[in-house]
Amino acid sequence: METEITKTIKCKLIGLTKRKLELLNREYDNFQHFLKTGEDRGVYSATKQQGKRTYRKIKPDREYPLVIRKDLMDIRKTDNKLAKYWARIPVHGVRGGVKVALAHQPFNFEEWEICGSKLVRTKDGKFYLHVTVKKKVEVKKEYSSIIAIDMGARWVGVSVALHRNKPKFYGKRIREVRGRYFWLRRKLGKEKKLLAIKKIGHKERRIVNDELHKIAKDIVDEAEKHNAIIAIGNLNGVRKNNKGRKVNRKVNSMPFYRLKEYIKYKALERGILVLEVPEFNTSKQCSKCGSMNTERPSQGVFICKDCGYQINADVNGAKNILKRVHAYMVWAGAVVTQPEGERFVLNYTPQPPLMGLHGRSPVRKGGEEVTPLTFLP
């Protein structure tokens, strides 16, 4: 199955001379003036047209990125020591535009189709080029395993897989960073140091994003190595709980959505399928015997009153997600490869009963419960 993926690469402009900086600032300021008043003080004609199409409602107190049309976006690879890639930004009155260097990054623009881009100016006067790229990838149709991921309050993600016996826990570093910065913000808040709060917020986000990328890469690397599908618990309702203020704060501070998106696009770049699995009763049902007669004496402990099974609550949830996606694949015409060597071929056409159930109740086929899944993207 072929699918198209789109992503945005944020490139910092480096090595700008005084003249180039003046030209970019002039074009940027004139573009803002044009959007808000309609008066043209000197903006590249195609940029004006694209700006009208992109920004329909203009707020007077807001700055808008300068829009660069797809056919005018020129990024080329060079042997220049300053930067691997250089871009040309169209500017009014300057033939050929302004040639700018993009900060080094491990992204290969040659492998992607470059679409429209936006030039962004930060409050401290630095410029970034947000380049939108896309390409078609062939998603695999044959898999040998499944990696299931559950997201919770203590761990940003817990994974189990058919090809290994032990679970993997992700997010210890994120939890530590979130906790430390929470108390630091509270302390600065009492001292009314608002600027400092904003500054540490940016630093916290950078650290957390870096950790999320590492987690996503680890999961996708494992999926590629073991030829596995990735199944992620549906995020709907993950923040709706009444476990107390402390637990609620930890849940709400966890960047579940960002991790899911990072896993999704990293996996699709390599042709690995990602499924989103409704978490209906996955936290309440025993993954060993299927009983609903269970309890959670604490946030991290799961106990089945019928079979006596005791396990980490997030691991139990991940195991239920694994069983659910495996059951769906068998029902939908896919046979999963077990460690013994049975082959797994995915049928990409979801059956009609899967639609419109929103995870509220399972579908029954042949007396077995099968829960609706969502294909990503």
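Me: Which residues of helix H2 are buried?
Reply: This is a predicted model in which local features need pLDDT of at least 70 and side-chain atom pairs count only at pLDDT 80 or more, whereas totals for chains, interfaces and linings use all residues. Residues are numbered from 1 along each chain as its sequence is written, and side-chain values use heavy atoms, with hydrogens and water left out. Helices (H or I, at least four residues) and strands (E, at least two) are DSSP runs numbered from the N terminus; buried denotes under 20% relative accessible area, exposed over 50%, and partly exposed the range in between (1.4 Å probe, protein chains only). On that basis, the buried residues of H2 are Ala46, Thr47, Lys48, Gln50 and Gly51.

Me: Which elements are included in what covers these buried residues of H2?
Reply: H2 lies across S2 and S6, running at about 110 degrees to S2. Contact here means heavy atoms within 4.5 Å. The cover of the buried residues of H2 includes H1 and S2.

Me: Why are H1 and H2 described as oblique rather than parallel?
Reply: Axes are lines fitted to C-alpha atoms, for helices over the stretch in contact, with angles from 0 to 180 degrees between N-to-C directions. Angles under 35 degrees count as roughly parallel, over 145 as roughly antiparallel, 65 to 115 as roughly perpendicular, and the rest as oblique. The axes of H1 (residues 18-37) and H2 (residues 45-54) come within 11 Å and cross at roughly 50 degrees. The two helices are therefore oblique to each other.

Me: How many nonpolar, polar and charged residues form the contact of H1 with H2?
Reply: Phe31, Phe34 and Leu35 of H1 meet Thr47, Lys48, Gly51 and Lys52 of H2. Ala, Val, Leu, Ile, Met, Phe, Trp, Tyr, Cys and Pro count as nonpolar, Asp, Glu, Lys and Arg as charged, and the others, Gly among them, as polar. The contact thus divides into 3 nonpolar, 2 polar and 2 charged residues.

Me: Which strands stand at the edges of the open sheet?
Reply: The sheet has 7 strands in the order S2-S6-S7-S1-S5-S4-S3, with antiparallel pairing; two strands pair if DSSP finds at least two bridges between them. Each edge strand has a single partner, so one side of each lacks a neighbour in the sheet. These edge strands are S2 (66-68) and S3 (74-77).

Me: Which residue of S4 is the bridge partner of Ile75?
Reply: S3 and S4 (residues 85-91) pair in the antiparallel sense over 4 bridges. In S4, the partner of Ile75 is Ala87.
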